Amino acid sequence: MSATTAPLAQRLSWLLNGQSNRRVPIEDAAGRIAAFVDSNILVPAAPIALHPDDLTGPQAAAYVVGTGVSTFVAHVLAESVGTRVRTGQPLTAAQPRHELRDGLPIVSATTLPALLIGAALLGWLVQPVASAAAIGVTVLRLTALGRVVGRLRGRRASPRTFLSGVLLALAGIGAAALKWWLTH
């Protein structure tokens, strides 16, 4: 296998088998899982918190993207401060880059919902379908938490981690509903 196809083959192997060939250090896994959970609760809460009239204009897309960007920045800053506290040393140049990488689940959680809301803004989808799909995508991502945890640990997800993902998705829906109730 050539050097250029090896990483692709490894990724495809994970998709098909649910396993990664390398383990992620537990500190990195914890940071990525925290980013995954935070973003998949906060991003669907964004369109839920809007008034129905706001969903037809650019405000909905701006709100989803703004939620993702602010969550990403907050996560990177919080993890950088946490690293500083854990090590007792000033941050090196590599550490903020490391935190940016560990925050990528936030970017991935924001992208598809923002594209769906944007598609409705362009008239390619009707707004209720786009909003429901944006929320549904993030709920499905939360239910996949067991698979994400398994991948980061370098092993298959267990029924327990799958159940945890389903329960987390329900809790995320509850958190989004609470945000809607408090803001309306």
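Me: At roughly what angle do the axes of helix α2 and helix α4 cross, and within what distance do they come?

Reply: The model is a predicted one. In this model, the axes of helix α2 (residues 26–49) and helix α4 (residues 94–102) cross at roughly 50° and come within 9 Å. Angles from 65 to 115 degrees count as roughly perpendicular and those under 35 degrees as roughly parallel; α2 and α4 are therefore oblique to each other.

Me: Which residues make the contact between α2 and α4?

Reply: On α2 the contact is made by D28, G31, R32 and A35, and on α4 by H98, R101 and D102.

Me: Is V37 buried or exposed, and which residues does V37 touch?

Reply: Buried means under 20% relative accessible area. V37, in helix α2, has a relative accessible area of 18% and is therefore buried. Leaving aside residues up to four places away in sequence, V37 touches L142, L145 and L168. V37 and A109 are 72 residues apart in sequence, with a C-alpha to C-alpha distance of 9.4 Å.

Me: Which residues make the nonpolar surface patch?

Reply: A patch is made of residues with over 30% relative accessible area. Here V65, V69, V73 and L77 make a nonpolar surface patch of about 330 Å². One of them, V69, is found in helix α3 (residues 58–87) and is partly exposed, with a relative accessible area of 47%.

Terms used
Residues numbered from 1 in each chain as written. Predicted model: local features only at pLDDT ≥ 70, side-chain atom pairs only at ≥ 80, totals over all residues. Heavy atoms only, no water. Patch = residues over 30% accessible without salt bridge, like charges linked within 9 Å, V, L, I, M, F, W, Y side chains within 5 Å. Areas by Shrake-Rupley, 256 points an atom, 1.4 Å probe, with all protein chains shown as cover. Salt bridge = Lys/Arg side-chain N within 4 Å of Asp/Glu carboxyl O. Helix = DSSP H or I, 4+ residues; strand = E, 2+ residues; numbered from the N terminus. Buried < 20%, exposed > 50% of the residue type's maximum accessible area, 1.4 Å probe, protein only. Axes fitted to C-alpha atoms, helices over the stretch in contact; angles between N-to-C directions. Parallel < 35°, antiparallel > 145°, perpendicular 65-115°, else oblique. Contact = heavy atoms within 4.5 Å.
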